Amino acid sequence: MARKFNFSAGPAALPEAVLAQAQEELLDWHGNGLSIMEMSHRSDEFVSVASQAEQDLRDLLSIPDNYKVLFLQGGATSQFSFLPLNLLGDRNSADYINTGVWSKKAIAEAQRYCQVNIAATTESERFFCAPEQAQLQLDPNAAYVHYTSNETIGGVEFDYIPQTGDVPLVVDMSSNILSSALDVSKFGVIYAGAQKNIGPAGLTVVIIRDDLLGKAQAMTPTMMNYAVHAKADSMNNTPPTFGWYLAGLVFQWLKQQGGVEAMAQTNARKASKLYAAIDSSDFYANPVALRNRSRMNVPFTLADAALDSVFLEESKAAGLLNLEGHRSVGGMRASIYNAVPEAAVDALVQFMAEFERRHG
Ligand code: PMP
């Protein structure tokens, strides 16, 4: 078996140790004679797996007791679609910060339900940066403020948590959750699709302050109502059991690595090595403002776009997979989430230097 280095933006690399454990436990989970996938979600065995995963996530992010953690289906896209239904209450507007593709999609969904105020947008700067706090035009009557902490396609990451006074802050943290320590108490809602830093696709994690539950519009479908999920411990219907289990293994792996503080250090080192390689050459370029360069998704272009396909072919042959940029922007993108080892970044940096020598 030769596992290669996987730079996919998502579904993304998982820790090899986690995959090996899942493989070992796959046919017979803990001597029960069946797979975790074949068990009732209401069995004592699965409930213990589910609650351990929640506890481990609470430990990793120091989630305060007045927050519920939900393990749902539907991906981040479903969350930004249900959010307005759940959070508007008696308000009729919400503030959104627009930093790129994922913010825009969230805005388009919210516009179905309420007036959306664009509190700031960096569209005129081609989304190569995030707005600064002083640029945010926040409405104190907004139901909530929404932003995307890391734009997975543009490679733009906020370097601060917006201050929104008494208005709840809602964040799509799909592509940088668990990449560093977090003060959860600054947020009303944090949501993230699992398939980057949490586990396999099919699971979505929502962390919600409990005073924000119970405001859903009457027309909200049951499965889109956070209060229903909170009351039922995410088991109002059959939850994504295998994803939840696997996320639990990832959380344990993260604890073994030293938690999110240790991940933050490794992530900073990985990102700075890769950006240094890009910046030290005229052959590679990344357009993002230094303070907003994502530590998770590093897009870069080659001086000659005609070489893109050669770069992709040769990198693949060298065991470096999934470096193609998003179809909307082209170029390259290396996603270097928690589970992508530093050795992968070292190998990529070395490959890039060799490629430039041969083709530059
Ligand atoms: N938000 C962000 C920041 C993302 O990166 C993605 C997926 N790439 C999504 C939302 C959509 O996630 P999903 O496919 O789970 O709906």
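My entries follow in the order in which I looked things up.

Confidence. I am working from a predicted model, and I noted that the mean pLDDT of the chain is 97, with 100% of its residues reaching 70 or more. For the complex, the predictor gives an ipTM of 0.99 and a pTM of 0.98.

Ligand shell. I listed the residues that surround the ligand and found Gly10, Gly75, Ala76, Thr77, Trp102, Thr148, Thr152, Asp172, Ser174, Ser175 and Gly193.

Helix H4. I then turned to helix H4, residues 101–110, whose buried residues are Trp102, Ser103, Ala106 and Ala110. Seen down the axis of H4, these buried residues fall within an arc of 100°, so they line one face of the helix. What covers them includes helix H3 together with strands S3, S4, S5, S6 and S8. I also noted that Trp102, one of these buried residues, is among those surrounding the ligand.

An unreviewed UniProt entry carries the annotation "binding site" at Arg42, which I located in the loop between helix H1 (16–25) and helix H2 (44–61). Is Arg42 buried or exposed? Arg42 has 9 other C-beta atoms within 10 Å, and because the limit for an exposed residue is 12 or fewer, I recorded Arg42 as exposed. Leaving aside neighbours within four places in sequence, Arg42 is in contact with Val47 and Met235.

Note on methods:
Residues numbered from 1 in each chain as written. Predicted model: local features only at pLDDT ≥ 70, side-chain atom pairs only at ≥ 80, totals over all residues. Near = placed C-beta within 6 Å. Buried ≥ 20, exposed ≤ 12 C-beta atoms within 10 Å, placed from the backbone. Helix = DSSP H or I, 4+ residues; strand = E, 2+ residues; numbered from the N terminus. Arc of directions from axis to C-beta. Contact = placed C-beta atoms within 7 Å. pLDDT = per-residue confidence, 0-100. UniProt positions renumbered as here; feature names shortened; annotations may be inferred.
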